[in-house]
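This report walks through one protein chain, from its overall make-up down to single residues. Keep the sequence and the model open while reading.

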Amino acid sequence: PGRSQEALGQLCVLYREPIRSWLRRSGAAPDAVDDLTQCFIEYLLEGNRLKNVEQRETKFRTYLIECIRRLVRGEWRKAMAAKRGGGLAPVELDETAVGLTVDPERHVDQDFALAVHQRALDRLATGRFSGEPKRTRFQHLQPLILGYDPEISYAQIGSRLGMSANHVKKAVFDLRQEYYEVFRDEVSRLVRPDLIDEETRYLMTLLAGSSATDPVS
């Protein structure tokens with residue numbers, strides 16, 4: 001149980017930026033976002049609220065979205081007002097802005113996909129590609145992992161690395177394979193084993209939706 005709670009705590013940390021981003025879009029005052037985010041995470045971790053998630057009865061993201069919807073309805077803010085002591089007013093959201101928020105689940109999912117993407121990149125950068133000359137190659141090839149920089153061609157990268165365009169294309173292909181395995185491993189820490197492939201595909205689809213087409217040589 002202790003290790004499981006620790007893992008869930010790390011998961012909450014991973015979701016910190018998606019939560020902050022959603023709160024900003026939902027009308028929270030800029031100087032209140034950090035406070036709301038921290039209180040929300042504490043709310044998730046306290047008591048026995050993560051029992052079903054810990055037992056893998058539901059996805060963490062599914063549970064998180066439901067908590068966010070409760071926040072929209074004001075239930076969580078009432079709980080926070082009571083928790084933080086009588087007389088201390090809760091941090092409020094702009095009700096008009098909240099009412100106009102478009103599909104919080106989609107926004108949170110997109111931000112979360114980017115968070116997992118960054119973790120995968122960090123693992124590659126501090127692991128296999130931490131030493132030279134691999135570090136320099138990784139820095140140049142990294143923008144092409146998702147194909148989201150159409151302004152950079154294989155030939156341009158090759159001229160900087162002393163490689164032919166075809167060699168760069170092969171290097172990008174290999175890097176994407178490595179990236180996918182690391183990305184999938186990150187996902188495996190977040191969902192039940194039978195959901196790993198489904199979740200990986202879903203998050204990768206969200207990433208692909210925000211990226212451009214492959215660069216040309």
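Of the chain's 217 residues, 40% count as buried, where buried means under 20% relative accessible area, exposed over 50%, and partly exposed in between (1.4 Å probe, protein chains only). This is a predicted model, in which local features need pLDDT of at least 70, side-chain atom pairs count only at pLDDT 80 or more, and totals for chains, interfaces and linings use all residues. Residues are numbered from 1 along each chain as its sequence is written, and side-chain values use heavy atoms, with hydrogens and water left out.

**Overall make-up**

The chain has twelve helices and zero strands. Both are DSSP runs numbered from the N terminus: helices are H or I with at least four residues, strands E with at least two. The accessible surface of the chain is about 11600 Å², and carbon and sulfur atoms hold 51% of that surface. These areas come from the Shrake-Rupley method with a 1.4 Å probe; for residues, only the protein chains shown count as cover. Contact means heavy atoms within 4.5 Å. Among contacts with a separation of 6 or more, 70% come from residues 24 or more positions apart.

The largest nonpolar core has 51 residues. Such a core is a set of buried Ala, Val, Leu, Ile, Met, Phe, Trp, Tyr and Cys residues joined through side-chain atoms within 4.5 Å. Phe 183 and Leu 203 are among the residues with the most contacts inside this core. Thr 200 sits in helix 12 (residues 196-209). Thr 200 counts as buried because its relative accessibility is 0%.

**Helices 10 and 11**

The axes of helix 10 (residues 154-161) and helix 11 (residues 165-188) come within 8 Å and cross at roughly 100°. Helix 10 is therefore roughly perpendicular to helix 11, a term for angles of 65 to 115 degrees. Axes are lines fitted to C-alpha atoms, for helices over the stretch in contact, and angles run from 0 to 180 degrees between N-to-C directions. Helix 10 contributes Tyr 154, Ala 155, Ile 157 and Gly 158 to the contact. Helix 11 contributes Ala 165, Val 168, Lys 169, Val 172 and Arg 176.

**A cis bond**

Glu 132 and Pro 133 are joined by a cis peptide bond, with omega about 5°. Pro 133 lies in the loop between helix 8 (104-126) and helix 9 (134-141).

How values were computed. Angles under 35 degrees count as roughly parallel, over 145 as roughly antiparallel, 65 to 115 as roughly perpendicular and the rest as oblique.
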